[in-house]
Amino acid sequence: LKGRYPVGVLARVVVTDPLSGLEPEPCVPMATRWDNAIIARLAAGDRCTDDFCGAVLVCSWPMPPEVALAYAKLSASLRAALPPEAYIYPASTLHCTVATLRAFTGGPLDADARRRLVAAWTPVLEAARRAPEWPKGEFQLRMGPPTLEGAAGIFRYEDSDGAVWAMRRCLEAAIVAAGGVPAIGGGDRSSAKPLPSFA
């Protein structure tokens, strides 16, 4: 990224390969706003503890030390280049998402609702893990370069052994068996149905 952009302004991202010696090529202007009220609160030091609650099944957490070290260097570069409103997640939060069971943007949950969330998902996760296709032992992920998705920078992973794919298929079957309909991918979620035990 070149230049500093005020919050709320659409930015033009410029891609260059420093090893090629070629001039940067402009990309299509971002089609989303860079500002985000939740990220602004995080950047200001607000942990948003009581306002949001999510549940995410992850793997590769915590990350291996060499990944955390490389990310720390990248984070320092990003902090120097991005406006102060940008929030850079700490290395301790890096992970590979297998499934989002409840998006944190769904709002708060009180203590009783959190217990019900755990009670609803525990048997589903146990059923998925019992499936014969569930990966056994170690597996390999390859972290790709950071990419922009909406207003966030993310890392995509290459599922080298197909383990994450297998876990997701097992989860889908377990969700359906429990009476829910999973939302798969980032597309249309209108046909998804929550677990009856946590609707």
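**Aromatic pairs in a predicted model**

Let me start with one side chain: Tyr-87 is partly exposed, with a relative accessible area of 26%. Partly exposed here lies between buried, under 20% relative accessible area, and exposed, over 50%, with a 1.4 Å probe and protein chains only.

This is a predicted model, in which local features need pLDDT of at least 70, side-chain atom pairs count only at pLDDT 80 or more, and totals for chains, interfaces and linings use all residues. Residues are numbered from 1 along each chain as its sequence is written, and side-chain values use heavy atoms, with hydrogens and water left out.

The overall fold comprises four helices and six strands, arranged along the sequence as β-β-α-β-α-β-α-β-β-α. Helices (H or I, at least four residues) and strands (E, at least two) are DSSP runs, numbered from the N terminus. Of the 199 residues in the protein, 23% are buried.

I turn now to the aromatic pairs, of which the structure holds three. Rings of Phe, Tyr and Trp (its six-membered ring) pair if their centres lie within 6.5 Å; planes under 30 degrees apart count as stacked, over 60 as edge-to-face and the rest as tilted.

One of them joins Phe-52 and Phe-104 edge-to-face, at 6.0 Å centre to centre and 80° between the planes. Phe-52 sits in the loop between helix H1 (37–43) and strand S3 (55–59), and Phe-104 in the loop between strand S4 (96–102) and helix H3 (111–130), so this pair ties together parts that are 52 residues apart in sequence. Phe-104 is partly exposed, at 41% relative accessible area.

Tyr-87 and Tyr-89 also form an edge-to-face pair, with 4.8 Å centre to centre and 80° between the planes.
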